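Student: I would like to go through this structure and ask what stands behind each label.
Tutor: Ask, and each value will be set against its cut-off.

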Amino acid sequence: MKIEEIIKAVSTVSIEKKILLNILYTQNLISEKFNEILKPYDLSTEQFNVLRILRGQKGKPANMCVIQERMIAKTSNTTRLVDKLLAKDLVTREVCPDNRRKMEVSITQKGLDLLSTLDPLVIEHEKSFGSNLTESELQELNVLLEKIRKIK
């Protein structure tokens with residue numbers, strides 16, 4: 001369905017506006033579907049992102065700055081997210097031995113097990129959104145989206 005039909009536009013919409021509306025609408029659709037996957041596990045998208053970042057550390061702890069710079073949503077309150085994950089026993093937090101002002105966060109085995117459970121669901125979710133596109137269209141879309149982000 002065209003974006004003009006979805007938003008029930010009554011006047012002509014510029015191509016630039018159509019692109020932005022399409023990106024925003026698609027992002028919301030993807031987020032809603034992803035939230036449906038995470039809901040039974042009492043996990044937010046941002047908490048999931050923190051767990052994935054920590055799993056990527058391969059057993060090494062990460063401080064709050066490292067987590068924040070790798071977050072997809074840069075506006076997330078990392079301390080609050082880590083506190084919620086701590087309450088669920090999905091991460092641990094300790095004072096850094098080299099710098100007592102820094103906190104080091106690590107994923108627990110429970111956190112790793114949860115991600116292992118979610119991995120196939122997430123992969124299926126990711127593949128579903130590319131299923132209507134060819135491999136070359138997926139590559140082209142990726143290049144175009146990266147190009148859009150280079151706007152100054």
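**Labels and the values behind them**

Student: Why is aspartate 89 called partly exposed?
Tutor: Aspartate 89 has a relative accessible area of 48%. Buried means under 20% and exposed means over 50%, with partly exposed in between, so a value of 48% makes aspartate 89 partly exposed. Keep in mind that this is a predicted model.

Student: Where is aspartate 89, and what does it touch?
Tutor: Aspartate 89 sits in the loop between helix H5 (78–87) and S2. Not counting residues up to four places away in sequence, it touches Thr108 and Lys110. Aspartate 89 and threonine 108 are 19 residues apart in sequence, with 7.1 Å between their C-alpha atoms.

Student: What makes the phi of aspartate 89 worth a remark?
Tutor: Most residues other than glycine have a negative phi. Aspartate 89 is not a glycine, yet its phi is positive, about 60°. Lysine 58 is another such case: its phi is near 55°, again a positive value in a residue other than glycine. Lysine 58 lies in the loop between H3 and S1.

Student: Is lysine 58 buried or exposed, and how do you know?
Tutor: The relative accessible area of lysine 58 is 74%. The cut-off for exposed is over 50%, so at 74% lysine 58 is exposed.

Student: Why is glutamine 47 called buried?
Tutor: Its relative accessible area is 5%. Buried means under 20%, so glutamine 47, at 5%, counts as buried. The residue belongs to helix H3.

Student: What surrounds glutamine 47?
Tutor: Leaving aside neighbours within four places in sequence, glutamine 47 is in contact with Asp42, Leu81, Lys84, Leu85 and Lys88. With the side chain of lysine 88, the side chain of glutamine 47 makes a polar contact at 3.0 Å.

Student: What makes the pair of glutamine 47 and lysine 88 a polar contact?
Tutor: The distance between the two side chains is 3.0 Å. A polar contact needs a pair of N or O atoms within 3.5 Å, one able to donate a hydrogen and the other to accept it. The pair of glutamine 47 and lysine 88 is listed as a polar contact at 3.0 Å.

Student: Which side chain makes a polar contact with lysine 18?
Tutor: The side chain of glutamate 4, at 2.7 Å. Lysine 18 is in helix H2, and apart from neighbours within four places in sequence it is in contact with Ile3, Glu4 and Val13.

Student: Why does lysine 18 count as partly exposed, and histidine 125 as buried?
Tutor: Lysine 18 has 25% relative accessibility, and counts as partly exposed because that class runs between the 20% and 50% limits. Histidine 125, at 10% relative accessibility, counts as buried because the limit for buried is under 20%. Histidine 125 is found in helix H6 and touches Ile30, Lys33, Phe34 and Ile37, not counting residues up to four places away in sequence.

Student: How do you know that S2 and S3 are paired?
Tutor: Two strands pair if there are at least two bridges between them. S2 and strand S3 (residues 103–107) are joined by 5 bridges and run antiparallel. Among the bridge partners, arginine 93 goes with valine 105 in S3, and threonine 92 goes with serine 106 in S3.

Student: How many bridges join S1 and S3?
Tutor: S1 and S3 pair over 2 bridges, in the antiparallel sense. Asparagine 63 stands opposite glutamate 104 in S3.

Student: What order do the strands take in the sheet, and what makes some of them edge strands?
Tutor: The open sheet of 3 strands has the order S1-S3-S2, with antiparallel pairing. Strand S1 (62–63) and strand S2 (91–95) are edge strands: each pairs on one side only.

Student: Which residues lie nearest the centre of the largest pocket?
Tutor: Ile23, Thr26, Gln27, Ile30 and Leu145, out of 43 lining residues. The volume of the largest pocket is about 1900 Å³.

Student: Which helix gives the largest share of that lining, and what classes of residue make up the lining?
Tutor: H2 gives the largest share, 13 residues. By class, the lining has 23 nonpolar, 13 polar and 7 charged residues.

How values were computed:
Residues are numbered from 1 along each chain as its sequence is written. This is a predicted model: local features need pLDDT of at least 70, side-chain atom pairs count only at pLDDT 80 or more; totals for chains, interfaces and linings use all residues. Side-chain values use heavy atoms; hydrogens and water are left out. On a 1 Å grid over the protein atoms alone, a cavity is a set of points where a 1.4 Å probe fits but cannot get out, and a pocket is an open set with protein on both sides within 12 Å along at least five of seven lines; lining residues have an atom within 4 Å of a point. Grid points are joined across faces, edges and corners, and a volume is the space filled by probe spheres set on the points. Helices (H or I, at least four residues) and strands (E, at least two) are DSSP runs, numbered from the N terminus. Ala, Val, Leu, Ile, Met, Phe, Trp, Tyr, Cys and Pro count as nonpolar, Asp, Glu, Lys and Arg as charged, and the others, Gly among them, as polar. Buried means under 20% relative accessible area, exposed over 50%, partly exposed in between (1.4 Å probe, protein chains only). Contact means heavy atoms within 4.5 Å.
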